[in-house]
Amino acid sequence: MALSTARSFLSEACYGEQELDANSALMELEKGLRSGKLGEQCEAVVLFPKLFQKYPFPILINSAFLKLADIFRLGNNFLRLCVLKVTQQSEKHLEKILNVDEFVKRVFSVIHSNDPVARAITLRMLGSLASIIPERKNAHHNIRQSLDSHDNVEVEAAIYAAASFSAQSKDFAAGICNKVSEMIQGLDTPVEMKLKLIPMLQHMHHDASLASSSRELLQHLVDSYPSTPMVIVTLHTFTQLAASSLIDIPKQLLLLLQYLKDDPRKAVKRLAINDLKLLAKKAPHLWMRKDTQTLCECALSCPYNSLKLGMLAVISTLSGTIAIKLYFNKTPGSSSVPPKLTDLVKLAQESCYHSNLWVSGHGVVVLTNITLCGPDKDMVQLEQDTLLALQSLVMLCSQDHSLSAQATLKTALTSLVKLLKNRPHLSQSAVEFLLGQLHVACDWSCVSMCHALAAIASHLPVLGDSMLGDLLDLYRVTSNSSTDKQQELLVSLATVIFVASQSSLSAEVKVVIKQQLESVANGWTVYRIARQASRMGCHELSSELYQSLRTRVASEHFYFWLNSLKEFSQAEQCLSHIQDGDYSGAMSAIAEALRSYQKGIASLTAASTPLSPLSFQCDLMKLRMDTVQALSQLLCTCNSLKTSPPPAIATTVALTSGNELQRCGRISMQMKVCMDEFRSLAARYADLHQSSFDADFATLRNVELQQQSCLLVSHVIEALILDPQAASFQDCGAPGSLQAESEFERRMLSVFTKVLEEVEGLSKKHPPVSYLHTSCLCDAVIALLKVPLSIERYFFQKLQSTSIKLALSPSPRSPAEPIPVQSSQQLTLKVEGVVQHGSSPGLFRKIQSVCLSVTTTLQSKSGADHKVALDAKTNEMEQRVEPHNDYFSTQFLLNFSVLGTHAVTVEASVVDQSGTEWKTGPRMSLCVKSLEDPYSQQLRLQLQQGPQTQTQRGPFLRF
């Protein structure tokens, strides 16, 4: 009964359920540990990792590990084994154990058991704890002693523990090295034991002399023991040691290449290839030209496809790094060889047309990277060869249904997209080829090719109206089956059509898509296509699709979600119908769009739940609505020059006040209000960007463009009307020179460039404010509104999830109760935190450090009513800590010298690997009550009573 309750505690709390605290869960597990049944005890032990995952703070973890140590000390070997597995699974929580000495003492007592299995489990337990007890001499001594045991199980456990401690402790590694060397070279040590001892030498890298002696021993073993298992283990240990010590990598490359070239055994060659690939990833800058050349010669002369594939995999890894540039750079004293005549290019070209698809895949990757790294003048012919090889491989794989063909096709298409992004002049023929292949390829191949087409067209506008007809024909003839692959093909083809249409779908295209969706598509496919339409700016179609889906969902939250998307699409559709120069029509369209935005935000708020608050979505759409509202206000302000022109005395008022803006009348003050509003919107977009740590790059770029549009409008207002003399256009840069990653970005940058050019020309010719200035502003507003909003992936789907959980100590007994502290003392506030990740941690960016800021504010003052200095009312402190195993801890020393109630607020933000700070939260607060200490209170009372005593003593009291 207790364990079923514990399982329910540790399971994910559903919506509306009460989530119980950590102490309750620990108490339920403790009941299982005290059970008399072995099965219940084991079940309780294996539930501890879930407890650590759900409540990852030191107080609970320390208590839990002490209880596990008691079970380890008093239980049988099976329970000890369960505790060992829990400890190994919870390795990142070990440093949170507060009473390390007590924990190790309880575990270590089993090492004196007469049972060799118990001693072996204890040794493995100590090895698992090596990260927190690296310098425990009693553990070192017992591991050395156990290496001489006559029981093989205990010796193997001692080897595991010795390897773990060697990786953590320099002293232990230096002390055990000679012992391990003697055992490896000893004649009485079995070969199987030697094979387990040798990998321990990979940890002997703490200093140069230790690494050098270990390399000498490994070199001796390679020469003395030529058997295949011995050579494989020794060479791999050699590589691991070199990769850790770094200085020996060039020597290790020569050794591995020598074995690859000269040793006839396939197993040894495979090991050499795997280790070469490891070094290619670890240190590609240490691969000299001769190393790469030797590897190419081995691959060219190798008759075995499996080995050739492995060598090409190493070269493929190197080709994407600086090693490829080192290969083609001319060294002093050597004759220059054209790139196309080198062995590397020869190998890549031969491999591209190999009968093995995996070999061909690596061949095109290498050839593409060679083409992109070389100078353009030498690579014209190589570019054509690379494109032809890629097209041939795509044509071959698109007809094959095997898994290898699918993987190779994706590799080839990835290389093709990479090539066309850097060599745009090749894109037209490549896109025509892919469109032709779509008619004859199988379904899964069509999906991959559609993805490639969409990726190419996102970077380069190569899909024109002439190609739209072919895509619609393909969409019409798509099979009427409703298999998963057919549904995926419908989505992929629709995406390519949206990209080709450039956010302006014709009536024929919409009819074709809707007919096909009605006949074969399921609801999820329709939603995915609508989502892609929103992303590509085709809001008219997406609005109709969301409308059709609203009544096909089973939850009211989903209904409100789809309804909000429909309203947002309708709002963007209204804005897209605005015509250039039609200012009154623009005002009515904006009014209609704002009504839809209001309805959409109301539905979006109704769709949010405590588990899915939709905060980013609400903030983004509120900002969009406020931006459209501000643009509408700017149009009205420009129109006020006609409805309320400057009065006749405006010039006299300007000369009297010395403010030239008074010449313009009331429009100048209205323009200043508009400029401040757009700067405020830009600041809000910046805050939204800074709080979106988990967003993908396209979503963040979208937010940046919206922010830049607000800054552009505020700059234009300043340049045209408020301060034409001081406004500078050089600060704005040349946005058109940037390479756009999407159609939305391309159109926004085009609008930015056009508006800046018009404003720069106008501001130099005419003084403000004339109808030319207001017309220029209105045209800029309409140009920005006509660009359809692209709703990117993060609005619909979160691929990366990162959150921080904080714990403050001391903590109040109840939330409303303040923490008492005397005014003469300082409060030590300990802040602990845990970084929690979703299924794909670090997909877009990783946390480098956590920035903790503490703010104290005086809420209410007690005692005498005297003035308090401002710095005594508010204090701010900040610290940066680096999480280790997703855990961080720090302390703040807070002073509360002013009597009264103080609010303490702790806020966390994260800093990524590029140094950018993100306001992720959370924010926690507690209340502190500063009390007068007894000594100060006694002094104050004495001072108060002193004058009263003097007044009571009259002049005749002594008589």
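Student: Is F795 buried or exposed?
Tutor: F795 is buried, at a relative accessible area of 1%. Keep in mind that this is a predicted model.

Student: What about F796, buried or exposed?
Tutor: F796 has 16% relative accessibility, so F796 counts as buried, since buried means under 20%.

Student: How many aromatic pairs are there?
Tutor: The count comes to 14 aromatic pairs. One of them joins F65 and F103, with 5.6 Å from centre to centre and 75° between the planes. That pair is edge-to-face.

Student: Where do F65 and F103 sit in the chain?
Tutor: F65 belongs to helix 5, residues 58–74, and F103 to helix 7, residues 100–108. They are 38 residues apart, and their pair links distant parts of the chain.

Student: Are F65 and F103 buried or exposed?
Tutor: Both F65 and F103 are buried.

Student: Back to F795 and F796. Why is that pair edge-to-face?
Tutor: The planes of the F795 and F796 rings are at 70°, so the pair is edge-to-face. Their centres are 5.5 Å apart. Planes over 60 degrees apart count as edge-to-face.

Student: Which residues form an aromatic cluster with F65 and F103?
Tutor: F48 and F52 do; with F65 and F103 they form one aromatic cluster.

Student: New topic, charges. Which ring does the charged end of K266 sit over?
Tutor: The charged end of K266 sits over the ring of Y304, at 3.9 Å from the ring centre.

Student: And R289, which ring is that one over?
Tutor: The ring of Y327. The charged end of R289 is 4.6 Å from the centre of that ring.

Notes: Residues numbered from 1 in each chain as written. Predicted model: local features only at pLDDT ≥ 70, side-chain atom pairs only at ≥ 80, totals over all residues. Heavy atoms only, no water. Phe/Tyr/Trp six-rings, centres within 6.5 Å; stacked < 30°, edge-to-face > 60°. Helix = DSSP H or I, 4+ residues; strand = E, 2+ residues; numbered from the N terminus. Buried < 20%, exposed > 50% of the residue type's maximum accessible area, 1.4 Å probe, protein only. Lys NZ or Arg CZ within 6 Å of the ring centre and 35° of its normal.
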